[in-house]
Amino acid sequence: MAKKILTEERYEKKLQELQAELCQMMANPKRIAIVELLGHGEQSVGAIAEALDTSISAVSQHLRTMKDKGVVGNRKEGPTEYYHLKKH
């Protein structure tokens, strides 16, 4: 089986598609605010919800979307979930 080699043109197109996906995912003001909060360090879901004056459920949905796109990572300590920005 031959390896699939990305040409420069296909690479640029793929990169543009990924950038568009990221922009679309970040087109929500709450998600931008979450990124700003996490830029100062790891935060619990509850702390994020309190800082943004929104429900834990709404914050959790945003974080799930951001985690699926590789923007944030998380760890669990007991019943509390903490999120951080992923380094790429």
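Ground rules: residues are numbered from 1 along each chain as its sequence is written, and side-chain values use heavy atoms, leaving out hydrogens and water. Since this is a prediction, local features need pLDDT of at least 70 and side-chain atom pairs count only at pLDDT 80 or more, while totals for chains, interfaces and linings use all residues.

**Exercise 1.** Work out how the protein is built and how spread out it is.

*Solution.* 
- Start with the parts: you'll find four helices and three strands, where helices (H or I, at least four residues) and strands (E, at least two) are DSSP runs numbered from the N terminus.
- Now check the spread: the radius of gyration, taken over C-alpha atoms, is 16 Å, well over the 12 Å from the globule rule (2.2 Å times the number of residues to the power 0.38) for 88 residues, so the protein is more spread out than a compact globule.
- Finally, the box filled by the C-alpha atoms is roughly 50 × 30 × 20 Å along the principal axes.

**Exercise 2.** Describe the surroundings of Ser44.

*Solution.* 
- Locate Ser44 first: this residue sits in strand S1, residues 43-44.
- Then list its contacts (heavy atoms within 4.5 Å): leaving out residues up to four places away in sequence, Ser44 touches Thr80, Glu81 and Tyr82.
- Last, a polar atom of the Ser44 side chain lies 3.0 Å from the backbone nitrogen of Ala47.

Note on methods: Polar contact = N/O pair within 3.5 Å; in protein donor to acceptor, adjacent residues only side chain to side chain.
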